[in-house]
Amino acid sequence: MTFPDSSNPIRRALIVHAHPEPASFSSAQASAVAQQLKSEGVEVDFIDLYDLGWNPVLSREQFMNGPGYFKPQAEQMRAFAEGTLPEPVGAHLAKLQDADLLVLSFPVWWFSMPAILKGWIDQVFLLSAIFGGEHGIFDEGGMTTKKAMMLLTTGGAEASFAPGASSAPGGYGELNDFFYHVHRGMFEFVGYDVVQPFVTHEPVRLSDEEREQALVKARAYVTETLLVEPAAVR
């Protein structure tokens, strides 16, 4: 996937963070990016899913009392139209709609995102609110003119995710290939322009000094790339 041009100013950002350890490097990286955005005059909403105790399970009990056929998207659409979305889903949806930039911050687990974050997408990326209904999908989605990106940490070395790595001994494959379902199936599907992910590889193997340098790079990414370079065009 390529990440060339398309530009709109970022005035408000929503960072959704998913790591169970507050003292982790992933959490420090999310905090550093939030602080840098704020220092650049961007309003930042920060949702820490583990700290919040977010329930990733989309269930009938959120919408229905008693038996009956449960069709999740239909119930979500009805609740959105009637203003009865369960909280904090409604509040998170409002933050999502207000933001010019969405940042999903998480460690790469099994070449994907933690289940708690997928559960947030299931409940907050709402049909009729940000896609479908009055909106379409892709270029007609509800989040057009907005940007989205991933802020990642990995357990594997950078070389393991390099082009051609999947055919090399011990290589995994290109990171963007693993996250096509996020870039295309989540971000672009609802209209977002996709920004190249920022990745810190195997922070567990970094010294304290190297971790600080990695956080400096994350802050620099905000000022030198994220707020300057345009996002992708389809």
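Q: Which residues of the largest nonpolar core touch the most other members?
A: A nonpolar core is a set of buried Ala, Val, Leu, Ile, Met, Phe, Trp, Tyr and Cys residues joined through side-chain atoms within 4.5 Å. Buried means under 20% relative accessible area, exposed over 50%, partly exposed in between (1.4 Å probe, protein chains only). Here the largest core has 44 residues, and L96, L102, L104, W120 and F125 touch the most other members. This is a predicted model, where local features need pLDDT of at least 70, side-chain atom pairs count only at pLDDT 80 or more, and totals for chains, interfaces and linings use all residues. Residues are numbered from 1 along each chain as its sequence is written, and side-chain values use heavy atoms, with hydrogens and water left out.

Q: What does L96 touch, not counting residues up to four places away in sequence?
A: Contact means heavy atoms within 4.5 Å. With that sequence limit, L96 touches L14, L102, W120, V124, F125, I130, M143 and Y192. Another core, of 19 residues, lies apart from the largest one; among its members are I10, A30, L151 and F198.

Q: How do I read an aromatic pair, and how many does a search of the whole structure find?
A: A pair of aromatic rings is described by the distance of the centres and the angle of the planes. Rings of Phe, Tyr and Trp (its six-membered ring) pair if their centres lie within 6.5 Å; planes under 30 degrees apart count as stacked, over 60 as edge-to-face and the rest as tilted. The search finds 11 aromatic pairs. One is F187 with Y192, edge-to-face, at 6.1 Å centre to centre and 75° between the planes. F187 is buried, because its relative accessible area is 0%. Y192 is buried as well, with a relative accessible area of 0%. Ring pairs also link F111, F161, Y172 and F178 into a cluster.

Q: What volume does the largest pocket have, and what lines it?
A: Rolling a probe the size of a water molecule over the atoms shows where empty space is left. On a 1 Å grid over the protein atoms alone, a cavity is a set of points where a 1.4 Å probe fits but cannot get out; a pocket is an open set with protein on both sides within 12 Å along at least five of seven lines, and lining residues have an atom within 4 Å of a point. Grid points are joined across faces, edges and corners, and a volume is the space filled by probe spheres set on the points. The largest pocket has a volume of about 470 Å³. Its lining has 16 residues, and E158, F198, V199, T200 and H201 are the closest to its centre. Helix 6 (175–178), strand 6 (198–201) and helix 8 (208–226) each supply at least two lining residues.

Q: How many cavities of 30 Å³ or more does a search of the whole structure find?
A: The search finds 1. The largest cavity holds about 30 Å³ of space. V33, M149, L151, F198, A218, Y221, V222 and L226 line this cavity. Helix 8 gives the largest share of the lining, 4 residues.
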